[in-house]
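Here is a short report on the fold below. Start with the sequence and structure.

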Amino acid sequence: SVLPILEDAATVTVAASYPTALTTEIELTRLTGRRPIFVVAPPDALSHALAALLDAAAADSSPRRRTAGPAERAQGKVLLVDDDIASRLLARTVLEKHGHTVVEAGNGLEALERLRGEPSVALVVADLNMPELDGLELIWEMRDATEWSHIPVIVLTGETDELLETKLIEEGADDYLSKPLDPRLFAARVGATIRRAGE
């Protein structure tokens with residue numbers, strides 16, 4: 001479990017329940033644009049750090065938050081579906097910094113449960129490769145259900161198959177982004193997809 005706690009112009013301080021691998025360090029650097037500093041913490045400390053992070057996001061009065069358009073602020077929840085905790089928490093941080101409310105799920109089956117309990121979901125952002133029910137199977141389930149068929153889906157994946165994007169769009173995805181995520185591009189695509197769905 002990895003959770004960003006503090007950041008400045010050069011570094012991001014991260015709480016971790018175990019020492020991280022080099023691949024995680026590289027992904028954190030690419031996602032945040034900052035050098036990660038890892039703080040080893042017991043698992044229960046992560047929940048306190050997450051609460052502090054969410055409180056800070058809610059109280060954020062940065063120019064970006066103040067200048068967000070009315071349409072973006074008025075949108076419903078984003079359902080973020082990814083079995084990788086570090087990727088999910090980092091994506092959540094980006095979304096919340098741009099004014100989105102986020103609901104999380106660890107796989108496609110959990111995502112279906114969240115959809116049943118969260119009628120105001122405006123967008124689903126789902127990793128492609130997940131256990132139990134992957135991103136593509138989640139799209140099939142959503143497109144077959146009248147109550148969810150209208151909800152747009154952005155698929156995230158680390159795969160580089162040139163034909164994959166075409167297949168995903170043909171199967172019902174609204175957009176596609178490669179991992180590791182570029183935070184600015186990710187936020188822009190999310191905002192644009194929600195706006196298009198509301199037109």
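## Basis

This is a predicted model, in which local features need pLDDT of at least 70, side-chain atom pairs count only at pLDDT 80 or more, and totals for chains, interfaces and linings use all residues. Residues are numbered from 1 along each chain as its sequence is written, and side-chain values use heavy atoms, with hydrogens and water left out.

Helices (H or I, at least four residues) and strands (E, at least two) are DSSP runs, numbered from the N terminus. Two strands pair if DSSP finds at least two bridges between them.

## The sheet

Five strands form an open sheet in the order E5-E4-E6-E7-E8, with parallel pairing. Strand E5 (102–105) and E8 are the edges; each has a single partner strand, so one side of each lacks a neighbour in the sheet. From one strand to the next, the twist averages 20°. Axes here are lines fitted to C-alpha atoms, for helices over the stretch in contact, and angles run from 0 to 180 degrees between N-to-C directions.

Strand E4 (residues 77–81) pairs with E5 in the parallel sense over four bridges. Val81 stands opposite Ala105 in E5. Helix H5 (residues 85–97) lies across E4 and E5 and runs at about 170° to E5; contact means heavy atoms within 4.5 Å.

## The E7–E8 unit

Strands E7 (residues 153–157) and E8 (residues 175–178) run parallel, joined by four bridges. Ile154 has Asp175 in E8 as its bridge partner.

With helix H8 (residues 164–170), E7 and E8 make a right-handed β-α-β unit. Right-handed means that, with the strands pointing away from the viewer, the path from the first strand over the helix to the second runs clockwise.

## Helix packing

Helices H6 (residues 108–117) and H7 (residues 135–144) pack at an angle of about 30°, their axes 9 Å apart. H6 and H7 are therefore roughly parallel (angles under 35 degrees; over 145 is roughly antiparallel, 65 to 115 roughly perpendicular, the rest oblique).

Gly108, Ala111, Leu112 and Leu115 in H6 meet Leu138, Glu141 and Met142 in H7.

## Backbone exceptions

Most residues other than glycine have a negative phi, and most peptide bonds are trans. Glu132 has a positive phi of about 70° although it is not a glycine. Glu132 sits in the loop between strand E6 (121–127) and H7.

Lys179 and Pro180 are joined by a cis peptide bond, with omega about -5°. Pro180 lies in the loop between E8 and helix H9 (183–198).
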